Structure formats: structure tokens, C-alpha cells
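Dear colleague,

Please find below the structure that I am handing over to you. I would be grateful if you could read the notes after it with the coordinates open.

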Amino acid sequence: MATPPSIRVVLVEDHAMVAEAIGLALERVPDIEVVAQTGSVAGAVAETGRFQPDVVVLDRRLPDGDGIAAIGRLAAAAPRARVLVLTGEATVSVAARAVAAGGAGLVVKSSRLGELESAVREVAAGGVVFAPGLLPGVLDRLTGRAGRVGSALTGRERETLLLLAEGMGAREIGERLGVARNTARNHVQHVLEKLGARSKLEAVALARREGLLD
């Protein structure tokens, strides 16, 4: 009986220790082969085009750009490859962005290595992988039931977003809103999470693009 072909994986992770741990774990699995490792968007596109893998395990945050924003380039380089996003932030916004960009799933970095192995097999077989708690929100977002980006912001979070757009930091936001600095920081963090942004600048840019600051 013929041995089924291995699932060929390109691993994209810029933290050397994390990449080594994931690479070693996947290499121990008989049906998975890591054919290339890289730590940048540019490297991911190049190696994906070179090796034509079945799955790209892609870190969301890379030194030269946002991994999710690069999914389209990876698809162009290897149309049959499925992209599995690695992230430290398992929010509906991030997951919906990954799906909208063409990703096949999202795995949290704190997951057990066995879960990553299972996720690689699942997306290689044509499935999608998300934490169960994220699926309803992702489906709502993608089908339009959740409205446009930013619809989940509370009134206070919208005020915080407007103040961020004025260039204010947590201390100034706290003073303007009449709350403690730690409370203001929490508001800022909630805004970033709900917008799927990595930084205040990215949150403001995304909000302007979506018309939330008009």
C-alpha cells in the first residue's frame, strides 16, 4: 500500500525560538514536512513561490508587514496553498480579516503544539480552523450581520477613538474623559482589539478608511 504524501509546510515566524520549537514539533509528525522556514513577508512570498507548499503557517506580525495583508500575495505565488495564521490575539476582528483575505484558519500561539498539528492537517484537507467561540462572530461579520468595522465599539470606546485620532495618549485621554489612566489604557486596548489593529496608528488609519472618524 502506497504511503500517502506528506503535507508540505512553509513556516513563517520571525521569533527564532518559537520558529525552532514549532519546526521541530511538526517535523516529528510523520505526515508533515516543513520544506522552508522564514521570518518575513518577503521571505514568505519567495519561499511559498519556490516550494509550492500545501500549507503556509503564517505569523500575523512580521518585521516587514502584517501577515494577514500578505495572504493575497501568497495565494498569487502558490494558488493551491492554504494559509493558517498564527496570532497572539484571537479576536473576531482578526479572524474575520484572515478569512476575508483568503486565509483558511487562525491558531493562537498559546495553543498546544498538538492543536497546531491538527489544524495543519485540517486546512490541508480543505477545512477551516478557528476557536469555537470565534466562529459565530466571524460568520456574522462576513455576512454583514455585524455591520461595518467598528460597530461593536461602545460609546466610550468611540470617544477614545476620536481622541486617539487627535494624537492623545492614555494620560491625556484619561484627563479628557475624567477617568484613571489605567481605565483609559483599557479603553484604548479594547478599541485596538475590536478594530483588529496592532497599534494606535493602525487603529486610526483603519477607522479613517472605514469612515468612523467622519
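Predicted model: local features only at pLDDT ≥ 70, side-chain atom pairs only at ≥ 80, totals over all residues.

Overall composition

The protein contains ten helices and seven strands. Of its 214 residues, 44% count as buried. Its accessible surface amounts to about 10,700 Å², and carbon and sulfur atoms contribute 53% of that area. Among the contacts in the protein with a separation of 6 or more, 67% are accounted for by residues 24 or more positions apart.

Helices α7 and α8

Two packed helices are described by the angle between their axes and the distance between the axes. Helix α7 covers residues 155-165 and helix α8 covers residues 170-177; their axes come within 10 Å and cross at roughly 130 degrees. The crossing of α7 with α8 is right-handed. On the α7 side, the contact is made by Arg156, Glu159, Thr160, Leu163 and Leu164; on the α8 side, Ile173, Arg176 and Leu177 take part. By class, the residues of this contact comprise four nonpolar, one polar and three charged.

Helices α9 and α10

The second pair is formed by helix α9, residues 181-195, and helix α10, residues 200-209. Their axes also come within 10 Å, and they cross at roughly 55 degrees, which makes α9 oblique to α10. This crossing is left-handed. Helix α9 supplies Val188, Leu192 and Leu195 to the contact, while α10 supplies Lys200, Ala203 and Leu206. The contact of α9 with α10 has five nonpolar residues, no polar residue and one charged residue.

Thr48

Thr48 lies in helix α2, which spans residues 41-51. Is Thr48 buried or exposed? Its relative accessible area is 0%, so Thr48 is buried, the cut-off for that class being under 20%. When neighbours within four places in sequence are left aside, Thr48 is in contact with Val10, Pro53, Val56, Leu74, Ala77 and Ala78.

With kind regards

Note on methods. Residues numbered from 1 in each chain as written. Heavy atoms only, no water. Axes fitted to C-alpha atoms, helices over the stretch in contact; angles between N-to-C directions. Helix = DSSP H or I, 4+ residues; strand = E, 2+ residues; numbered from the N terminus. Left-handed = near helix turned anticlockwise from the far one by under 90°. Contact = heavy atoms within 4.5 Å. Nonpolar A, V, L, I, M, F, W, Y, C, P; charged D, E, K, R; others polar. Parallel < 35°, antiparallel > 145°, perpendicular 65-115°, else oblique. Buried < 20%, exposed > 50% of the residue type's maximum accessible area, 1.4 Å probe, protein only. Areas by Shrake-Rupley, 256 points an atom, 1.4 Å probe, with all protein chains shown as cover.
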